[in-house]
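Here are a few exercises to work through with the viewer open. Try each task yourself before reading its solution.

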Amino acid sequence: MFKKVIATTLCIAMSAVVLAGCGSKAGASYPSEDIEVIVPKAAGGGTDTSSRGLLTYMEKNMEGLKFNVTNNSDGGGITGMATTAAADPDGYTLGAVTVELDMFCFQGKSDLTYESFDSIAMPIAAPAALIVQADAPYNSIEEFVAYCKENPEAVQIGNSGAGAIWDIATYLFEDEYAVSATHVPYPNGTADIAAALTGGHIDATLADPSSFMTQIQAGTLKALGVMSEERTTLLPEVPTFKEEGHDLVVRAWAALVAPKGMKEEDLTALRDAAKKALESDECKEYFESQGIEPVAFIGTDADKIMEEDYAMYKKVFETHDFAE
Amino acid sequence: MWANIVTALGDAISPITLLLLLAGTGAGILIGAMPGLSVNMGIALLYPLTFAFDGVTGIIMLIGVYCGAIYGGSISAILLNTPGTPASAATTLDGYPMANKMGQPGRALGLSTMASTFGGVFSAICLMIFAPQLAKVALTFSKPEYFALALFGISIITSVSSGSVLKGVMGGAIGLFIGTIGIDAMTGSMRFVFGSTYLMGGISFIPILIGLFAFSQVLSSVESSYGEKFEKKNVKIKKVLPSLADIKRVFVTMLRSSVIGTFIGCIPGTGGDISSFICYDQAKKWAKAEDKEKFGNGEPKGIVACEAGNNSVSGGAMIPMLTLGIPGDGATAILLGALMVQGIAPGPLLFTNQPVQVYTIFIGLLLANLVMGLFGFSLIRVFSKVINVPKEILIPIIFVMTFVGTYSYNHSMMDVYVMVFFGFLGYFMNKTQFSMSSIILGIILGATAEQNFSGSLIMSSGSPIIFLTRPICLIFLLISLLSLLSPLYSPVLKRIFKKKEA
């Protein structure tokens, strides 16, 4: 009995090894074989959806390009990102990285930084939006700030977990306007924040507006401001914090990257394919159908965003202690 | 609303969805009918397949497996006196005598098919009617209410755990502990991580489930079938459609059991096994004095009560899962995970944000139960052959599937090691009669309870009064206390009642 079990297992294991061994990298032009892409988040989330969307449309824009996506969300994404960074920079292992890359190094969770990678493209950078109940007495950022000042510590602002990006957005908001609020974490994600906000259990949130669009359109919630460089296409009527004279930019991004050291010409080829993909209308339509505002930061533009955010989070983590 | 229902209907009866529904339900019945393969195991093993399909299509397949497996368990319960799944344990009481002593296996299977379909359809309709209403109420639930609800679910461990209360509590504590491993979502601090990157994200639920329910089962099957001589059992099944006289006789029982089953399904922490025993007990209590003795000797009402009772749990269990995001058992916990992977976030807003998906799930559940009935009446002879599959063939297949399923879930070899570890743990827990469901409950509800407890305190700036000033929260806390202490006071109550009767 047990022999049979062992034999079956071995057979499967060995055939897998044989199959994996097939194919060599002898081809002349890049890419001569399938490229593995490691997505450090679970299948179906924003990072996964936007990465897969970008890859699908890149395949259409470059001859012989074929991606195989694997998801590895171990350790909140650290494992996946570390695997990409440690891979051979031959262009056959790429990966996605997320905004957490700029935070993990300050939280003592990993040594990786944006400098371990070369960016190909960043298709998603969701900003934090200040969202409140539609019937609330405040109708602008200034009025909300005034309300916070009248009720110190009493205003409850929802986030998706202490020390996570939307919590940091709330800290930055408090610092900028010299107010203080109660941070209420909803660690299962923005859907729970939306339910709590709609149900009137909290007063506001600073989070990616895409999960709140149905409620905003239905008139139960309203957005007062967006923490982005320019107005978002999701909420074209809503001013940015920058317009009001406050330099607050918090964005949840994900980017397709290569481990540092890839051949410059291959990297350029991938960046060109990504640029063409992200600028095509069908790709934009796909992103919008998934409730994601498509952006297109290619190569060094994406590196710049990662670098800027790194500097910002460095400052945040030096001045705040989130472990408490 | 009607436009949404029409769109959902279009989604649900597209060829690919229908095909998957048929395949899922069929696979579910087979899995359920094979002794040793449980509902949870079937869903966990087929879960990775759902990644291949967009939207709710894969979820409808899982729903098919869920419904089919609960029903399939009755086939081996009736023909072999071995419940295919724990949910059918009570079905053996009258099902086997009717098939064996009375020589009417067809009648028993027909009754069970009818009752299962009726219970499933009844609960699907209840889900459609009550879930949207509950979603409106659920919007008023804040962190204290969610905490009280989760606590209530955990408190049920003591009454659920088979046999020993102490072992149930211990199992629950193990589950609670496993739930605390990883980065604390509320504060961001690390707990029991020991510098391991894998542990930072917490131990994934699927490997634990596959280990506890599938791998451990493979181990004990190997042990029990070692040296056992395989005997082929030939069962002649004639008529499966229940007679009009039988339908008349059992209809009230079937309806009552469906109501009880749906209600029990709604309560976090309960499942088909408890429901079928309670329904059986109720059927016996409501029976006329002269009928009471027939129970245990092939009474049709006994079969119908159990099968309507366990199948109606499916719709009930989906009510809190969809409206509150609180899964009632292991099976609905996997369904919850599958929904989230597809970008469908269960909770009170699901019904306004993604109405089409919700209606597609409703229609899927309804169809799954109808397909199950159709399969049952037309193909029962084929399904009953499953009980003759030799274990030498079955066990290696499942053994391989536990590894493939675990690995494909997250492409992580660590997950596979975790699965094997929990497989051995489950094997020894089985031997010592621990309830595996209590571990699962601890893991599922522990995190919800903890996060909402500390979240409540954040909202109230640290004052515990928040739990006492909110009526819904207070009621659930009191019920939890009662259910947690029930093993202490129920013997006393029983004594008092007995005295009265005497």
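**Exercise 1. Placing a residue**

In which helix of chain B is the place of Val356(B)? Then find what Val356(B) touches.

*Solution.* Keep in mind that this is a predicted model. Step one: Val356(B) sits in helix α18 of chain B, which covers residues 355-383. Step two: leave out residues up to four places away in sequence, and the contacts of Val356(B) are Asn4(B), Thr7(B), Ala8(B) and Asp11(B). Lys238(B) is 118 residues from Val356(B) along the chain, and 43 Å separate their C-alpha atoms.

**Exercise 2. One helix, two partners**

Work out how α4(B) is oriented against α3(B), and do likewise for α4(B) and α6(B).

*Solution.* Two numbers get you going: a helix pair is described by the angle between the axes and the distance between them.

Step one: helix α3 (residues 39-46) and helix α4 (residues 57-80) of chain B pack at about 160°, and their axes are 9 Å apart. Angles over 145 degrees count as roughly antiparallel, so α3(B) and α4(B) are roughly antiparallel to each other. The crossing here is right-handed.

Step two: list who meets whom. α3(B) brings Val39(B), Gly42(B), Ile43(B) and Leu46(B), while the α4(B) side includes Met61(B), Val65(B) and Ile70(B). Sorted by class, that contact has nine nonpolar residues, one polar and no charged.

The axes of α4(B) and helix α6 (residues 105-138) of chain B come within 10 Å and cross at roughly 160°. The cut-off used above therefore makes α4(B) and α6(B) roughly antiparallel to each other. This crossing is right-handed. From α4(B) the contact uses Tyr71(B), Ser74(B), Ile75(B), Ile78(B) and Leu79(B), and among the residues from α6(B) are Pro105(B), Leu109(B) and Ser116(B). The tally is seven nonpolar, four polar and no charged residues.

**Exercise 3. An angle in between**

Which word describes the orientation of α6(B) to α12(B)?

*Solution.* Step one: α6(B) and helix α12 (residues 244-266) of chain B pack at an angle of about 40°, with axes 9 Å apart. Step two: that makes α6(B) oblique to α12(B). Step three: α6(B) and α12(B) make a right-handed crossing. Step four: look at the side chains. On α6(B) the contact residues include Arg107(B), Phe118(B) and Phe122(B), and on α12(B) they include Asp246(B), Arg249(B) and Met254(B). By class the contact has twelve nonpolar, four polar and three charged residues.

Note on methods. Residues are numbered from 1 along each chain as its sequence is written. Chains are lettered from A and ligands numbered from 1 in the order in which they are written. This is a predicted model: local features need pLDDT of at least 70, side-chain atom pairs count only at pLDDT 80 or more; totals for chains, interfaces and linings use all residues. Side-chain values use heavy atoms; hydrogens and water are left out. Axes are lines fitted to C-alpha atoms, for helices over the stretch in contact, and angles run from 0 to 180 degrees between N-to-C directions. Helices (H or I, at least four residues) and strands (E, at least two) are DSSP runs, numbered from the N terminus. Angles under 35 degrees count as roughly parallel, over 145 as roughly antiparallel, 65 to 115 as roughly perpendicular and the rest as oblique. A crossing is left-handed if the near helix is turned anticlockwise from the far one by less than a right angle, and right-handed if clockwise. Contact means heavy atoms within 4.5 Å. Ala, Val, Leu, Ile, Met, Phe, Trp, Tyr, Cys and Pro count as nonpolar, Asp, Glu, Lys and Arg as charged, and the others, Gly among them, as polar.
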